[in-house]
Amino acid sequence: GPCTECACSSGKEPTKDPSHTKKKENGDGVFVPKIFFGTRTHKQIAQISRELKRTAYSAVPMTILSSRDYTCIHPVVSHSASNRNEMCVELLDGKHGKSCAYYHGTHKISEHHALQSAQGVYQAWDIEDLVSLGRKLRACAYFAARELMVGADIVFCPYNYLLDPQIRESMEINLKGQVVILDEAHNIEDCARESVSYSVTEGQLRAAREELDFMVTNNIRQKHHEPLRAVCCSLI
C-alpha cells in the first residue's frame with residue numbers, strides 16, 4: 001500500500017517531521033541520513049547496483065567508493081605494478097613537474113550525472129560504468145565517486161571503508177546519525193581483524209633493529225628505543 005511516511009507513492013506532501021528525519025542542531029530544516037551499504041568485495045557491489053536498477057529507486061542519487069586499483073584511468077598509473085596510491089599522490093603534488101589532467105576534470109562526471117537527473121534519465125550505475133564515463137570525459141573516476149558522496153542518498157563500499165578508522169578519515173566518511181547496512185555480516189569479524197592487523201617481513205624487522213641499534217648507541221632517546229629494539233629482537 002501507499003507509504004505513510006513520505007510522498008514516494010501516495011502523491012501527498014510529506015509530513016513536516018517524519019520519523020526518518022530529525023531536526024538540525026541549529027533548527028533549520030531537517031537532516032536526512034545517508035545509507036552506507038557495506039559489502040565484502042567490490043564484485044558484490046556490481047551485483048547490488050544491478051538489482052538497484054530494477055527497483056523504483058533506480059534514480060536515487062548514489063555513489064560507489066572503491067580503490068584506485070578499480071577506478072584510476074591515468075595511462076601510466078593504472079598500468080603500473082607498483083603502488084598506485086603513492087604514484088597518484090606524487091602526481092597531485094606536482095612532483096617531477098608532472099600533474100594529472102584527469103584529476104582536474106573530476107567535476108565533469110558530477111555535472112554529467114546532475115544533467116541526467118535533471119533530464120529524468122538518471123539510473124543506478126556500477127564501477128565499470130563510472131570508469132567508462134571517466135574515459136569518455138577524460139575525468140578521474142576515483143575522485144568523482146568521492147565528490148558524488150556529498151549529494152548521494154546511498155553510498156556503496158567494501159566493509160573496510162566503514163570499519164577501518166584510517167580509511168574512514170581519508171575518505172571523509174562520517175557515520176554519525178547515518179544508516180549502515182552490512183551485507184553478509186557474518187564476514188565482519190574477519191574484516192575487523194584484518195583492519196587492526198599488520199604484516200612485516202623478517203628483512204623489515206632486521207632493518208628496524210639496525211636503526212634502533214644506531215639510536216641507542218648514539219644515546220638518542222634511549223628509554224624509548226631500547227624497548228622497541230627488544231621487541232624487534234624477540235620477533236626475529
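This report describes a sheet, an aromatic cluster, a histidine, a cavity and a pocket in a predicted model.

## The parallel sheet

Four strands make up an open sheet, in the order β4-β5-β3-β6, and their pairing is parallel. At the edges stand β4 (62-64) and β6 (179-182), each of which pairs on one side only. With direction ignored, neighbouring strands of this sheet are turned by 20° against each other on average.

The pairings can be followed across the sheet in the order given. β4 pairs with strand β5 (residues 154-158) in the parallel sense over 3 bridges. Met-62 has Ile-154 in β5 as its bridge partner. β5 is in turn joined to β3 by 5 bridges, and these two strands run parallel. Within this pairing, Gly-38 stands opposite Cys-157 in β5, and Thr-39 has Pro-158 in β5 as its bridge partner. β3 also pairs with β6, in the parallel sense and over 4 bridges. Here the bridge partner of Gly-38 is Leu-182 in β6.

How many of the residues of β5 are buried? The count is 5 of the 5, so β5 is largely enclosed by the rest of the structure. The side chains of β5 divide between two directions: Ile-154, Phe-156 and Pro-158 point one way, Val-155 and Cys-157 point the other way, and all are buried. β3 is mostly covered, with 4 of its 5 residues buried.

## An aromatic cluster

The structure holds 3 aromatic pairs. In one of them, the ring centres of Tyr-103 and Phe-143 are 4.9 Å apart; the planes stand at 75°, so this pair is edge-to-face. The two residues come from distant parts of the chain, 40 residues apart. Tyr-103 lies in the loop between α3 (84-93) and α4 (107-119), while Phe-143 belongs to helix α6 (residues 141-148).

Phe-143 has a relative accessible area of 16% and is buried, because the cut-off for burial is under 20%.

Phe-143 has a further aromatic partner in Tyr-142, and this pair is edge-to-face as well, with 4.9 Å from centre to centre and 85° between the planes. Both Tyr-142 and Phe-143 are buried. Tyr-103, Tyr-142 and Phe-143 form one aromatic cluster.

## A buried histidine

His-225 is located in helix α11 (residues 222-235). With a relative accessibility of 15%, His-225 counts as buried. Leaving aside residues up to four places away in sequence, His-225 touches Leu-212, Met-215, Val-216 and Ile-220.

## The cavity

A search of the whole structure for cavities of 30 Å³ or more finds 1. The largest cavity has a volume of about 100 Å³.

Which residues lie nearest the centre of the largest cavity? They are Cys-72, His-74, Cys-88, Cys-100 and Cys-140, out of 14 residues that line this cavity. The elements that give two or more residues to this lining are α3 and α6. α3 gives the most, with 3 residues.

Tyr-142 among them is a member of the aromatic cluster with Tyr-103 and Phe-143.

Several elements give two or more residues to the lining of the second largest pocket: α2 (68-71), α3, α7 (159-163) and α8 (165-170). Of these, α3 also contributes to the lining of the largest cavity, where it supplies 3 residues.

Technical notes:
Residues numbered from 1 in each chain as written. Predicted model: local features only at pLDDT ≥ 70, side-chain atom pairs only at ≥ 80, totals over all residues. Heavy atoms only, no water. Phe/Tyr/Trp six-rings, centres within 6.5 Å; stacked < 30°, edge-to-face > 60°. Buried < 20%, exposed > 50% of the residue type's maximum accessible area, 1.4 Å probe, protein only. Contact = heavy atoms within 4.5 Å. Pairing = 2+ DSSP bridges. Axes fitted to C-alpha atoms, helices over the stretch in contact; angles between N-to-C directions. 1 Å grid on protein atoms, 1.4 Å probe; cavity = no way out; pocket = protein on both sides within 12 Å on 5 of 7 lines; lining within 4 Å. Points joined across faces, edges and corners; volume = space filled by probe spheres on them.
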